[in-house]
Amino acid sequence: MDVAGRRAGFYIVHVAHVGSLRKTLTVATITITGLASVVAVALVGITSYLREEGNNLAESVESVRLLEEAELDLLLHARLRDPVVVAEIERRLHSRLREAQRSISTNEESMALQNAQASVDRYLATTHTVDRTPEQLAALLDQAYEQLQVVVAVNLDQAESARRRAIRGDMAARVVGVGIGVLVLLLSGALVWWANRRAFRPLFGLARSIEQFAHGDRTARAEEIGPSELREMAKRFNNMADALAQQREAQIRFLGGVAHDLKNPLSALRLSVGSIRPDGPLPPEPRVRRVLGTVERQIVRLERMVGDFLDVAKIESGQLALKLEPCDVRGLVQEVVTLFEAGSPQHRFAITVPAENIPVRCDSLRIEQVLSNLVSNAIKYSPEATAIEISAAREGDSAVITVTDHGIGIPAEEHSTLFQPFRRVGLSKESIPGVGLGLFVVRQIVDAHGGRIEVDSEPGRGSTFRLYLPLFDPRSAAESGRPALELAGVA
Ligand code: ADP
């Protein structure tokens, strides 16, 4: 199973969306703190309320005490005859009623007390008159007593209301305290449960996967579950593990490709050389020459392969050093075409270059290597007697070199992958020898020069490879502080 397949199977297990760790902890902390604040404020409010009701209750009790003592004084006043004692009782009576006034808390109580006071005053005043009758006194005494009883009743009512309110306040305090306390407890419990199940479990899982991976298990992947931060961490680890696994697979494929491609020329060499026995008589000269020809071709092929392998190794290790110098593209094109014209008389070469120079700053050997690769592919993948057209021109800020053949062509769907290592396409794979590294090396060299390469091809009609390199302007180089380079011999 490939890496993507393994991952797909692996991730079916979960899709629990749990939100973000930061958000959850922030919300939980704010909620618990908010609830604790509500409890504190509510308890402070309820305590003040209870204290007030307590005061009301105490005042009512005090009023009842004073009024009952006043009632007693009134009765004593009616019974006793000693003028000194009676005067003292009258003074006490007045003082108690004044004192009762200080703890008045409602209008009803105030009115009742005023009535009682008026009745008591009327009764006392009548006791000092000479023309009073005992019946008249008794009636006034009853009236004063009744009025005092009314005030007592009002105070008892108030005390009862205060008591009921205090009980309600006490209940509210219990509900708020116990209720919110239980809520905070449940919330804290839920937070601990959440942290254990949703946060720590994925975290430990991720740590386990990293450890397994570090100990050589390349299939170890982390479950992308839990809060978003942990899912993101797991995702990054999985991506990294996938990238490493793909890199490893590419390395193994590369080594396999190298071994496979070295095998063919080596087998050809073994067969050719094996046909001449070192301990036997030499075969006739024409056969020896044929064998030598094959040996030479295979050695050239091996040299090219080893050269490509070395270039790839340099590119992969980032050691592709370029010796940049000013060059005229026309000279480079001419050089390469001359070389191939001599070795491939079966093809016609048509070269088109302008009269004026096309200056670029490049490693001439490397660009010649690029052109050689393109021209040798054009020869390899097109029938004999067809033309191979090579041209160079300026296009905007770039120098453009095109290599066109009228050969087998490349299907459009292969264009994007053509420049990957060991990529060989279509029929050429079986019938035409090659390693599939040439275009990869070409792309890397062109990229290193700040250029680009494009392909335009159709099966059966041929291919055009278009290479763009930045034009070199010695004047702008001088202005930008770079030493102006001499374009010697490239006029
Ligand atoms: P090689 O030629 O050694 O196989 P390259 O990297 O040079 O490797 O080319 C990769 C593949 O691209 C070739 O195998 C071939 O299928 C295709 N290709 C390259 N150039 C041409 C061309 N001019 N015409 C048709 N196919 C080509």
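**Notes on salt bridges and a buried aspartate**

1. Arg452 comes out as partly exposed because its relative accessibility is 41% (buried is under 20% relative accessible area, exposed over 50%, partly exposed in between, with a 1.4 Å probe and protein chains only). Its partner is Glu454: the two form a salt bridge with the closest N and O atoms 3.1 Å apart (a side-chain nitrogen of Lys or Arg within 4 Å of a carboxyl oxygen of Asp or Glu). Glu454 is partly exposed too, at 30%.

2. Before going on, the ground rules: this is a predicted model, where local features need pLDDT of at least 70, side-chain atom pairs count only at pLDDT 80 or more, and totals for chains, interfaces and linings use all residues. Residues are numbered from 1 along each chain as its sequence is written, and side-chain values use heavy atoms, leaving out hydrogens and water.

3. The whole structure has 17 salt bridges. In one of them, Arg221 pairs with Asp242, closest N and O atoms 2.9 Å apart. Both Arg221 and Asp242 are buried.

4. Asp328 and Arg330 also form a salt bridge, at 2.7 Å between the closest N and O atoms, and both residues are buried.

5. For a network of salt bridges, look at Glu62, Arg65, Glu69, Asp73, Arg92 and Arg96, which are linked in one.

6. Asp311 counts as buried because its relative accessibility is 8%. Leaving aside neighbours within four places in sequence, Asp311 is in contact with Arg366, Gln369 and Val441 (heavy atoms within 4.5 Å).
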